[in-house]
Amino acid sequence: MPHTEPGDVMRSGILPDNDTKALFFLRHYNDIDHITPVIFKWAESGHICDVVLIGKDNACSDYRIQFLRKLAGVRVAHIRELLPPLDFMLWRLQTLLMSPGLRRSWLNPVINRLVQIYGREKRQHIWRKTAHRLLERSFGKSATATGVVIFDWITRNSPVCIEWVEMVVTMARATGLGTVSLPHGDSPHANQLIRHHEWKLEPDSMYSAGGIFDKVVVPNELCAVRFRPFVPAQSLAVLGSPRYCSEWLAVLAELQLPSPLVRAENRLKLVLFLRKSDFTTFWEEVSEVVQMIAAFPNVEIIIKPHTRGGWRQPLTRAAAITRLPNVSVAGDEMHSIHLLNWADAVIDLATSVVYEAVKAGKPVLAADYLHAGRSTIAGFMPETELRCRDDVYQKIAELLSSGCDSFYVEEHRQRFLREIINGSSDDNVLSRYVTLLEDSCRDPAIQQSTDGK
């Protein structure tokens with residue numbers, strides 16, 4: 001019999017006999033970014049899994065997805081490839097129909113009427129049919145199965161329909177599979193009221209969907225407080241950040257695409273990361289700050305809009321910004337890791353992407369006065385905070401005159417790394433994730449009971 005590598009078996013569509021199978025659903029850039037490290041460690045540990053992409057087709061070309069395709073024991077496909085054309089079309093139409101984004105648009109009255117006409121019972125048929133096909137593909141036709149089904153943090157505002165996720169989770173549990181929700185990000189804000197129209201300081205029901213899973217995993221305690229009102233204590237696990245842990249950063253350094261950016265050593269290179277338009281940002285002052293920094297000699301600035309919804313941000317369309325010769329706007333093809341490697345320092349409006357800069361010891365200027373929040377970075381490292389325009393000027397002047405070394409109070413930085421990146425534990429973050437998924441495969445009900453003692 002000819003020798004067959006594990007990856008060849010998976011690519012042939014035949015799953016080998018294994019007690020620890022996993023089915024990962026990935027939606028968009030953020031959860032690909034944060035969950036790829038877990039899939040990598042799962043495969044490295046000798047386990048097998050399916051990765052099903054349920055977002056836009058262009059995710060298939062993402063360099064991290066291409067990396068996963070090459071791993072032994074990992075099978076990657078877009079949901080469009082796995083469903084009959086009619087079923088996929090109906091699944092997609094129902095997903096769009098239930099999209100929170102459409103509910104917030106001028107189409108809301110029309111959408112509400114369509115939802116009434118095409119009621120929940122009608123929708124359940126296609127939810128059940130598609131869920132059954134995907135679960136059967138990964139775990140077989142047996143009435144009972146061993147394994148785990150993984151989504152990212154699904155919220156009531158998620159583009160993927162919560163009704164469908166509930167159906168997948170319910171059917172998975174019925175056959176004995178574990179269900180886990182993994183992080184698609186972190187908590188760059190240390191406060192709660194950060195979005196438009198958030199006026200009450202109370203538990204945010206947006207996170208209540210976490211209660212449908214056997215386990216919800218968070219990187220740190222700051223994220224855990226979001227879910228505690230809605231998730232039983234034994235179902236919430238604090239395991240550290242898979243995206244920013246040392247083990248994954250070492251792997252990421254080897255697999256990233258060649259950077260299109262060229263470093264100019266005689267300039268101070270700054271990257272400004274923007275948040276989604278959902279969050280309250282004081283755009284007029286952001287524009288003033290960019291223009292003020294651009295007026296310094298030997299400074300170059302790249303503005304990186306958010307990967308989702310960046311086109312709605314007014315700064316990147318303002319003539320006062322786009323005409324500046326030393327300011328440019330990064331396109332979607334420009335990955336954050338390229339920008340972080342290029343930059344000498346980062347200006348942050350409360351995004352977790354800058355955690356990688358903190359790990360590398362690069363200065364992060366936490367521009368808290370430019371948005372309606374208190375950043376996690378400023379909370380842990382007060383030396384990073386910008387509280388007014390004078391602070392911005394002085395920090396830039398210091399970086400130009402003294403360089404970017406010795407920016408942090410090292411005691412503050414180490415506490416940040418320990419509590420936010422490692423989850424108040426050691427740096428074996430990815431191993432902890434694999435252990436939790438292995439336990440969820442064996443017997444999720446027993447595991448919950450044991451953890452709750």
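The model is predicted.

**View 1. Seven strands form an open, parallel sheet.** Their order is β3-β2-β1-β4-β5-β6-β7. The edges are β3 (74-78) and β7 (236-238). Each has a single partner strand, so one side of each lacks a neighbour in the sheet. On average, neighbouring strands are turned by 20° against each other, direction ignored.

**View 2. Strand β2 pairs with β3, and helix α2 packs on the sheet.** Five bridges link β2 (residues 48-53) to β3 in the parallel sense. Val52 stands opposite Ala77 in β3. Helix α2 (residues 29-44) touches β1 (21-26), β2, β3, β4 (148-152) and β5 (178-182). The direction of helix α2 makes about 165° with that of β1.

**View 3. Arg64 and Asp33 form a salt bridge.** Their closest N and O atoms are 2.7 Å apart. Arg64 belongs to helix α3 (residues 63-69) and Asp33 to helix α2, so the pair ties together parts 31 residues apart in sequence. Arg64 is buried, at 1% relative accessible area. Asp33 is buried too, at 10%.

**View 4. Glu247 and Lys41 meet through their side chains in a salt bridge.** The N to O distance is 2.7 Å. Glu247 sits in helix α11 (residues 246-255) and Lys41 in helix α2, so this contact ties together parts that are 206 residues apart in sequence. Glu247 is partly exposed, at 24% relative accessibility. Lys41 counts as buried, at 12%.

**View 5. A salt bridge joins Glu285 and Arg389.** Here N to O is 2.6 Å. Glu285 lies in helix α12 (residues 283-294) and Arg389 in helix α17 (residues 389-402), so parts 104 residues apart in sequence are tied together. Glu285 is buried, with a relative accessible area of 16%. Arg389 is partly exposed, at 35%.

**View 6. Five residues are joined into one salt-bridge network.** They are Asp33, Asp62, Arg64, Arg243 and Glu356. Shared partners link these salt bridges. The whole structure holds 25 salt bridges.

**View 7. Four residues make a nonpolar surface patch.** Leu86, Met89, Leu93 and Leu96 contribute about 370 Å². Met89 is in helix α5 (residues 85-97). Its relative accessible area is 43%, so Met89 is partly exposed.

Note on methods:
Residues are numbered from 1 along each chain as its sequence is written. This is a predicted model: local features need pLDDT of at least 70, side-chain atom pairs count only at pLDDT 80 or more; totals for chains, interfaces and linings use all residues. Side-chain values use heavy atoms; hydrogens and water are left out. Two strands pair if DSSP finds at least two bridges between them. Helices (H or I, at least four residues) and strands (E, at least two) are DSSP runs, numbered from the N terminus. Axes are lines fitted to C-alpha atoms, for helices over the stretch in contact, and angles run from 0 to 180 degrees between N-to-C directions. Contact means heavy atoms within 4.5 Å. Patches are made of residues with over 30% relative accessible area and no salt bridge: like charges are joined within 9 Å, nonpolar side chains (Val, Leu, Ile, Met, Phe, Trp, Tyr) within 5 Å. Accessible areas come from the Shrake-Rupley method with a 1.4 Å probe; for residues, only the protein chains shown count as cover. Buried means under 20% relative accessible area, exposed over 50%, partly exposed in between (1.4 Å probe, protein chains only).
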